[in-house]
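Thanks for making the time this morning.

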Amino acid sequence: MSFKIDRGLFKYDFIDHHAVLCVPVDADVKEIRKRYLQVARRLHPDSSFTETAAQKQLGNELLSKLVNPAYEKLVGDRTRTEYILILSQIGKRLVQESTSVTLNTDLAKQLVEAGNTDHFYKTAIAKLAQTQYDSLEQALQVIAQASELNLVYLMRSAGKSSAAPPPTQPKAQSGTPQPNRPKNTAPAPAPAPPKEDLVVEQYVRRAQSLIEKNQFAQAKVELQEALKLEPKNSRCHSLIAMVYLKQNQLKMAKIHFDNTLKLDPSDETALQWKPKIDKALGQQISDHKVTSSPNNGDKQPDKSGSGGLFGGLFGGKKK
């Protein structure tokens, strides 16, 4: 049995694994695992004693062909990182092609106009999740509805822009006559910031949020995308350096802190951590020379982790 869904992100030859599990596109691994267990318990043939053989077969097909693959994709570090990157690219592409996007559900159309995008989106997804697999025959329609919400959310996240503040008028100096101006003439609006700058800022905001949640792999993807658009953004270099530092990848952290200080010599984060990284890397080189020397006696390699100085600060484990 094959399952065909032609709405939402599925319409763009993309398997929307978040919609299959009915979790938000920014859900963390813990949330995804919890939701998967709920769905798997519902669909497993041994869990449903009151259903017909045909319904049990359908549930098992949904579990093996949609739900299990979705879970495996979203919890693996490498596959999840690649998937999130593709999602980000699709969001940008859909913004450019917004005139050709069609929506079929009222929820998705309401999300387009919603004031608080995050709240409306997550509330709608949570409500769909409550009954997503109650009727197995309707499950694909619910998945399609969730995918339309994901599509709109990605578009709004990628295309979100902040309004430029109105220009302030110069304060009149005492005794200086001001030229007569028509009362109804509005001041010329300030030029809108470049679209590229807005996109970079969105990447940075999402990365900061992910860093706060210790989701470093996803944060790195967001910052890498930002640096593709703006390679000389010192803030991006500083943030991605911290991500590498948190993952105990000291050499990569050093490279990006070096770039940060070239672009902004006063960056406080780089000034604080760069000397410590240099010291830790120097210590690693020194230890390597000692342990690789033929006359090192009983000297054993340091097994405390590759983090050196930072093993104590960050636990010595990659996250």
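Helix H9 has 14 residues, and from its first C-alpha to its last it reaches 20 Å, close to the 20 Å expected at 1.5 Å a residue; the expected span is 1.5 Å times one less than the number of residues. Helices here are DSSP runs of H or I with at least four residues, strands are runs of E with at least two, and both are numbered from the N terminus. Ten of the 14 residues of H9 are buried, so this helix is largely enclosed by the rest of the structure. Buried means under 20% relative accessible area, with exposed over 50% and partly exposed in between, using a 1.4 Å probe and protein chains only. Among the buried residues of H9 are Phe-216, Lys-220, Glu-222 and Glu-225.

A word on the source: this is a predicted model, in which local features need pLDDT of at least 70 and side-chain atom pairs count only at pLDDT 80 or more, while totals for chains, interfaces and linings use all residues. Residues are numbered from 1 along each chain as its sequence is written, and side-chain values use heavy atoms, with hydrogens and water left out.

Stepping back to the whole chain, its secondary structure comes to 13 helices and zero strands, and of its 319 residues 39% count as buried.

Where does H9 meet the largest pocket? H9 (216-229) is one of the helices that each supply at least two residues of the pocket lining, together with H4 (77-96), H6 (117-131), H7 (139-159) and H8 (195-212), and the largest share, seven residues, comes from H8. The pocket holds about 560 Å³ of space. Of the 27 residues that line the pocket, the closest to its centre are Asp-26, Tyr-153, Ser-157, Arg-206 and Glu-222. By type, the lining divides into ten nonpolar, seven polar and ten charged residues, where Ala, Val, Leu, Ile, Met, Phe, Trp, Tyr, Cys and Pro count as nonpolar, Asp, Glu, Lys and Arg as charged, and the others, Gly among them, as polar.

For the terms, we work on a 1 Å grid over the protein atoms alone: a cavity is a set of points where a 1.4 Å probe fits but cannot get out, a pocket is an open set with protein on both sides within 12 Å along at least five of seven lines, and lining residues have an atom within 4 Å of a point. Grid points are joined across faces, edges and corners, and a volume is the space filled by probe spheres set on the points.

The structure also holds one cavity of 30 Å³ or more, with about 50 Å³ of space, and its lining includes Asp-6, Arg-7, Tyr-12 and Glu-148.

Finally, the rings. There are three aromatic pairs, meaning rings of Phe, Tyr and Trp (its six-membered ring) with centres within 6.5 Å, where planes under 30 degrees apart count as stacked, over 60 as edge-to-face and the rest as tilted. Phe-14 and Tyr-83 have ring centres 5.2 Å apart and planes at 25 degrees, so this pair is stacked. Phe-14 lies in the segment before helix H1 (17-21) and Tyr-83 in H4, so the pair ties together parts 69 residues apart in sequence, and both residues are buried. Tyr-121 and Tyr-153 are also stacked, at 4.1 Å centre to centre with 10 degrees between the planes; this pair links H6 to H7, 32 residues apart, and both tyrosines are buried.
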